[in-house]
Amino acid sequence: MATGNLRHEAKKDDGPVDGATMARLMDELKLAFTTEFRTFAASLESRLDGIQLAVTDHTQRLASVEDGLNTWSGRMVELEARCTAQDEVIGKLKTKLTDVESRSRRSNIRILGLDESLHSDHPSVFFAEILVEIMGKDVLPEPPELDRCHRMLIPKPAPGSRPRAVIARLHRYRIKETIILEARKRRGKLTYKGKPILIFEDYCPEVVEQRVRYRDVMGPLYQRGFKPSLQFPARLVIRTKDGTRMHLPSPKDTEDFLKTRP
């Protein structure tokens, strides 16, 4: 570097240096330092300019990202609100659909336990006569009029497996109610050709799912003499020994009630 050359030049002559030479050397040293500093300063300024450009670019990008995020955040809030509204609409539609399907099944009964070998080309007449044999002529003096009758629409089970339920639609609702009430009274006592038969209401899957939740508490309620009944769609009502009717809103409430009544 220039400063190093000047130092070397000053050391070559060990004799006394006059004032003019010293002034010249100082000027040269000053010029060398000034030139070197300016070069370094220019390089540093160039680097700083590059850094400033990069910072500016990143700042602009971050601002753009922030604007985008604000836009998407607003859209997400809007979509969440719309989804919540849609969920409410879907919930109401499901409730209405369940109600409509349940009403369409009001005159249906399900008969469980009839062997798969029992079939006919005229199932409405055939199973109407079987119903008379199951219930007895004191309950059904003549075969009830069935609008439709068929097995559950699932694959036929293998031999020895539980047979599919028979679904029958009675033409007269009052006769259907008579059959259901009698089947409840004689639950566990109905038979056909020596095999046990069960007869239930034909509920839609959503209602069945709600009613199944009470399965584990119904037995203890019967055992303790509370005479439980599940009203449509799944409203548990019990009658205490003093004749008081109580509504138990959920299976958990029923379990808590049983804990207080050992």
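Is Ser107 buried or exposed? I looked this up to open my notebook, and Ser107 counts as buried, at 12% relative accessibility. For that word I use these cut-offs: buried is under 20% relative accessible area, exposed is over 50%, and partly exposed is in between, with a 1.4 Å probe and protein chains only.

**Ground rules.** I am working with a predicted model, where local features need pLDDT of at least 70, side-chain atom pairs count only at pLDDT 80 or more, and totals for chains, interfaces and linings use all residues. Residues are numbered from 1 along each chain as its sequence is written, and side-chain values use heavy atoms, with hydrogens and water left out.

**Entry: Ser107.** I found Ser107 in the loop between H2 and E1. Helices (H or I, at least four residues) and strands (E, at least two) are DSSP runs, numbered from the N terminus. Not counting residues up to four places away in sequence, Ser107 touches Ala168, Arg169, Leu170, Tyr173 and Lys176; contact means heavy atoms within 4.5 Å.

**Entry: the sheet.** Next I traced an open sheet of four strands, in the order E2-E3-E1-E6, with antiparallel pairing. Two strands pair if DSSP finds at least two bridges between them. The edge strands, E2 (146-151) and E6, each pair on one side only. E1 and E6 are joined in the antiparallel sense over four bridges, and Ile109 has Glu201 in E6 as its bridge partner. I also saw helix H3 (residues 123-135) lying across E1, E2, E3 (166-170) and E6, and running at about 90° to E2. Axes here are lines fitted to C-alpha atoms, for helices over the stretch in contact, and angles run from 0 to 180 degrees between N-to-C directions.

**Entry: Glu182.** I then turned to Glu182, which sits in helix H4 (residues 173-185). Glu182 is buried, with a relative accessible area of 19%. Leaving aside neighbours within four places in sequence, Glu182 is in contact with Met135 and Val139.

**Entry: the pocket lining.** Which helix or strand gives the most to the lining of the largest pocket? I found that H4 does, with seven residues. A pocket is an open set of points on a 1 Å grid over the protein atoms alone, where a 1.4 Å probe fits, with protein on both sides within 12 Å along at least five of seven lines; lining residues have an atom within 4 Å of a point. E6 (198-201) is among the elements that each supply at least two residues of this lining.
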